[in-house]
Amino acid sequence: MDESVPQTQTPEETAAPGPAYDPAAPAPLHVPRTPTGNADVDAALQRLGDADHLATDGHVEVYEDVHRGLRDALTALDARPGPPAPPSAYGNRS
């Protein structure tokens, strides 16, 4: 007569195997993006949210696009006319 104790399985052992962990899978970072008040900058920052839905190999395209947008916004600041320059301390010699 065999008096061995029947083996029981833990719930983890009986559960169906889940998907394997994939570090390159999309995972939202939930980084808050605070509006700056500049429409071009805010649009570029909002574009960063697109990386949350892409695998890591797709992030480069988003980051390059955002970088381009921010660079264009800075360039536009340089192109805007500013206040007139103060008169020269030497005056206009003719």
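1. Aspartate 65 counts as partly exposed, at 29% relative accessibility; partly exposed lies between buried, under 20% relative accessible area, and exposed, over 50%, with a 1.4 Å probe and protein chains only. This is a predicted model, in which local features need pLDDT of at least 70 and side-chain atom pairs count only at pLDDT 80 or more, while totals for chains, interfaces and linings use all residues. Residues are numbered from 1 along each chain as its sequence is written, and side-chain values use heavy atoms, with hydrogens and water left out.

2. The side chain of aspartate 65 meets that of arginine 47 in a salt bridge, with 2.5 Å from N to O. A salt bridge here is a side-chain nitrogen of Lys or Arg within 4 Å of a carboxyl oxygen of Asp or Glu. The pair links distant parts of the chain, since arginine 47 belongs to helix H2 (residues 39–47) and aspartate 65 to helix H3, 18 residues apart. Helices are DSSP runs of H or I with at least four residues, strands are runs of E with at least two, and both are numbered from the N terminus.

3. Aspartate 65 also forms a salt bridge with arginine 68, the closest N and O atoms being 3.6 Å apart. About one helical turn separates these two residues, because they are 3 residues apart in helix H3. Arginine 68 is partly exposed, with 39% relative accessibility.

4. Arginine 47 forms a salt bridge with aspartate 50 as well, and their closest N and O atoms are 2.7 Å apart. Both residues are partly exposed: the relative accessible area is 23% for arginine 47 and 35% for aspartate 50.

5. How many salt bridges does a search of the whole structure find? The search finds 3. Arg47, Asp50, Asp65 and Arg68 are linked in a network of salt bridges.

6. Histidine 59 lies in helix H3, which spans residues 59–79. Is histidine 59 buried or exposed? With a relative accessible area of 16%, histidine 59 is buried.

7. A polar atom of the histidine 59 side chain lies 3.0 Å from the backbone oxygen of alanine 51. Leaving aside neighbours within four places in sequence, histidine 59 is in contact (heavy atoms within 4.5 Å) with Ala51 and Leu54.

Terms used:
A polar contact is a pair of N or O atoms within 3.5 Å; within protein, one must be able to donate a hydrogen and the other to accept it, and residues adjacent in sequence count only if both atoms are side-chain atoms.
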